[in-house]
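Thanks for coming. I have one structure to go through today, so let me put it on the screen.

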Amino acid sequence: MSDAVDKPVLIIHEGEKAGQRWTIRENELVIGRGGECDLVLPERQVSREHIRIFRADDGYFLEDLDSKNGTWVNGKQVKATTVPLRDGDEIQIALAVKITFVGSEATAPLFVDELPGTLGLLQLNRDSRRVFIGGVEVDPPLSLPQYRLLELLYDGAGAVRTRDEVIESVWPEAIGEGVSEQAIDALVRRLRDRLAEVDPRHQYIVTVRGHGFRLDNPTE
């Protein structure tokens with residue numbers, strides 16, 4: 001599997017990121033709710049580090065990382081062991097997210113009806129953490145906290161994200177230590193300013209007083 005098109009692909013079918021796909025470009029991929037994971041799933045049922053997919057002996061394997069709510073491959077729970085992954089295998093994470101393992105990028109199908117629910121002017125390239133508005137890239141790139149906040153709101157597809165969810169996604173290492181409301185508000189302001197550099201006509205980040213924040217992503 002040396003060519004890019006031979007890299008395996010994960011296609012998310014159920015969950016908040018349904019319709020998205022992730023190419024496994026490295027020899028190891030950690031999936032979980034924590035912001036330090038390679039593929040972050042926002043569902044609360046998902047453990048901070050839930051599973052690991054890794055390459056060994058010219059194949060790919062899945063390991064459950066002692067998750068709280070479990071992992072299943074083709075309906076069989078994975079516990080205290082690793083299992084090989086084959087083209088078309090169905091992975092269920094905490095019974096909240098369903099993912100298909102596709103053997104290579106070249107054969108990954110395109111499900112037109114499973115595109116992300118957020119199809120507005122603002123779009124994310126998750127592999128490179130690049131942000132585009134109307135096809136124009138936000139340059140220089142967002143800082144990691146700014147990108148994490150934007151990704152959280154983007155995945156909500158217009159739903160309100162609470163301040164606690166912001167802390168959990170943006171500063172996962174600070175949970176339990178406390179992040180001030182002033183720090184959150186300052187981050188929101190900086191992100192708004194960065195997006196306004198590309199599109200000053202529209203305010204993408206909306207504050208919902210007493211609740212949190214949401215993304216307003218117009219289609220034109």
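Which residue stands opposite arginine 161 in E17? Phenylalanine 213 does. Before I build on that pair, please keep in mind that this is a predicted model.

Arginine 161 takes us to a sheet. E15 and strand E17, residues 212-215, are paired antiparallel through 2 bridges. They belong to an open sheet of 3 strands, ordered E15-E17-E16, and the pairing is antiparallel. Strand E15 (161-162) and strand E16 (205-208) are the edge strands; each has a single partner strand, so one side of each has no neighbour in the sheet.

A helix goes with this sheet. H3 lies across E16 and E17, and its direction makes an angle of about 150° with E16.

H3 also packs on another helix. Two packed helices are described by the angle between their axes and the distance between the axes. For helix H2 (residues 163-170) and helix H3 (residues 181-196), the angle is about 75° and the axes are 11 Å apart. That makes H2 roughly perpendicular to H3. On the H2 side the contact is made by Arg163, Val166, Ile167 and Val170, and on the H3 side by Glu181, Ile184, Asp185 and Leu187. By type, the residues of this contact of H2 with H3 are 5 nonpolar, no polar and 3 charged.

Now the chain as a whole. The chain has 3 helices and 17 strands. Of its 220 residues, 47% are buried. Among contacts in the chain with a separation of 6 or more, 48% are between residues 24 or more positions apart.

The remaining helix is H1, residues 144-156. H1 has 13 residues and spans 18 Å from first C-alpha to last, close to the 18 Å expected at 1.5 Å a residue. Is H1 enclosed or left open, and on what grounds do we say so? In H1, 11 of the 13 residues are buried, so the helix is largely enclosed by the rest of the structure. The buried residues of H1 include charged ones by name, among them Arg148, Glu151 and Asp155, and also Leu149, Leu150, Leu152 and Leu153. Just after H1, alanine 157 has a positive phi of about 50°.

Next, the other sheet I want to show. It is an open sheet of 5 strands in the order E4-E3-E5-E6-E9, with mixed pairing. E4 and strand E9 (82-85) stand at its edges with a single partner strand each, so one side of each is left without a neighbour in the sheet.

Look at strand E3, residues 28-32, in that sheet. Of its 5 residues, 4 are buried, so E3 is largely enclosed by the rest of the structure. E3 runs antiparallel to strand E5 (residues 51-56), and 4 bridges join the two. With strand E4, residues 39-40, E3 pairs in the parallel sense over 2 bridges. There, leucine 39 is the bridge partner of isoleucine 31.

One last residue. Glutamine 92 lies in strand E10, residues 89-93. Why do we call glutamine 92 buried? Its relative accessible area is 18%, and buried means under 20%. Apart from neighbours within four places in sequence, glutamine 92 is in contact with Gly70, Thr71, Trp72, Val97 and Lys98.

That is what I have.

Definitions and conventions
Residues numbered from 1 in each chain as written. Predicted model: local features only at pLDDT ≥ 70, side-chain atom pairs only at ≥ 80, totals over all residues. Heavy atoms only, no water. Buried < 20%, exposed > 50% of the residue type's maximum accessible area, 1.4 Å probe, protein only. Pairing = 2+ DSSP bridges. Expected span 1.5 Å × (residues − 1). Contact = heavy atoms within 4.5 Å. Axes fitted to C-alpha atoms, helices over the stretch in contact; angles between N-to-C directions. Parallel < 35°, antiparallel > 145°, perpendicular 65-115°, else oblique.
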